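Visitor: I am new to reading protein structures. Could you take me through one, feature by feature?
Guide: Gladly. Here it is.

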Amino acid sequence: MPRVAKMVNNEFFNMVEAVKFGQTHFAGLNPQDWGDADLVLLGPSRVGKGPVGHYLAQRGAKVATLNTLPDDSLPRELASVDPAKVAILVMEPVRLQKLRQARVSEALARNVGSLLEPDYAKDEQVRKELDFAYQLHRAYPEWQEPIDITSFSIEECTSILFRKVVANRNK
């Protein structure tokens with residue numbers, strides 16, 4: 001068998017499909033397809049949904065992501081997703097605030113600071129959004145428990161979630 005043929009197998013094509021899915025279902029895009037996802041990651045902005053979703057896609061998992069805000073309603077399409085496929089990511093408020101402050105600094109350096117809400121990196125807003133993430137779990141207890149990724153690397157969080165994806169696939 002030629003060497004290239006060994007490298008290009010179903011696993012490879014599943015990974016390519018998963019990466020494409022993640023790119024087209026990032027930050028709430030195309031919610032009509034969320035039923036095809038292996039996992040829908042919810043949580044506040046900058047909590048790590050994008051990088052975790054990308055790493056999961058590298059392992060062949062189709063992941064959609066959605067930033068959650070207390071004043072925004074959830075897309076109605078989320079109701080059609082298997083609850084076992086919905087996960088909420090959170091982290092400690094101080095860590096999330098630092099990540100958001102870095103994002104604000106970067107946005108200002110690139111002259112796009114106006115794209116962010118004025119209170120985006122403020123302690124009160126960060127805590128409000130994290131509280132909302134926990135409220136979502138109380139409102140939807142059938143979803144997976146929120147995962148606090150503060151002390152996990154992206155790779156560790158990916159491993160935790162990938163085990164859940166595999167378990168869901170084997171149901």
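Visitor: How many bridges join strand β1 to strand β3?
Guide: One thing before I answer: this is a predicted model. Now the general idea. Strands of a sheet pair through backbone hydrogen bonds, in a parallel or an antiparallel way. Here, three bridges join β1 (residues 39-43) to β3 (residues 86-90). The two strands run parallel. For a landmark, find leucine 42: isoleucine 88 in β3 stands opposite.

Visitor: What is the order of the strands in the open sheet?
Guide: Read across the sheet, strand by strand. The order is β2-β1-β3-β4, four strands with parallel pairing. β2 and β4 (147-148) are the edge strands, and each of them pairs on one side only.

Visitor: Next, salt bridges. How many does a search of the whole structure find?
Guide: Five. To read one, look for a side-chain nitrogen of Lys or Arg within 4 Å of a carboxyl oxygen of Asp or Glu. Take glutamate 17 and lysine 62: their closest N and O atoms are 2.8 Å apart. This pair links distant parts of the chain, 45 residues apart. Glutamate 17 sits in helix α2 (residues 10-24), and lysine 62 in the loop between α3 and β2.

Visitor: Which residue forms a salt bridge with arginine 100?
Guide: Glutamate 129, with the closest N and O atoms 2.5 Å apart. This pair also links distant parts of the chain: arginine 100 is in helix α4, glutamate 129 in helix α5, 29 residues apart.

Visitor: Is arginine 100 buried or exposed?
Guide: Buried, and glutamate 129 is buried too. Now look at arginine 76, which forms a salt bridge with glutamate 77, the closest N and O atoms being 3.8 Å apart.

Visitor: Why does arginine 76 count as exposed?
Guide: Because its relative accessible area is 70%, and exposed means over 50%. Glutamate 17 has 41%, so it counts as partly exposed.

Visitor: Why does histidine 137 count as buried?
Guide: Use the cut-off again: buried means under 20%. Histidine 137 has a relative accessible area of 11%, so it is buried. This histidine lies in helix α5. Leave out residues up to four places away in sequence, and histidine 137 touches Ile88, Trp143, Gln144, Glu145 and Pro146.

Visitor: Where does phenylalanine 152 lie?
Guide: In the loop between β4 and α6 (154-169). Phenylalanine 152 is partly exposed, because its relative accessibility is 34%. Beyond residues up to four places away in sequence, phenylalanine 152 touches Ile147, Cys157 and Ile160. Now compare chain and space. Phenylalanine 152 and asparagine 170 are 18 residues apart along the chain, and their C-alpha atoms are separated by 26 Å.

Visitor: What classes of residue make up the lining?
Guide: There are 18 nonpolar, 13 charged and eight polar residues.

Notes. Residues numbered from 1 in each chain as written. Predicted model: local features only at pLDDT ≥ 70, side-chain atom pairs only at ≥ 80, totals over all residues. Heavy atoms only, no water. Nonpolar A, V, L, I, M, F, W, Y, C, P; charged D, E, K, R; others polar. Pairing = 2+ DSSP bridges. Buried < 20%, exposed > 50% of the residue type's maximum accessible area, 1.4 Å probe, protein only. Contact = heavy atoms within 4.5 Å.
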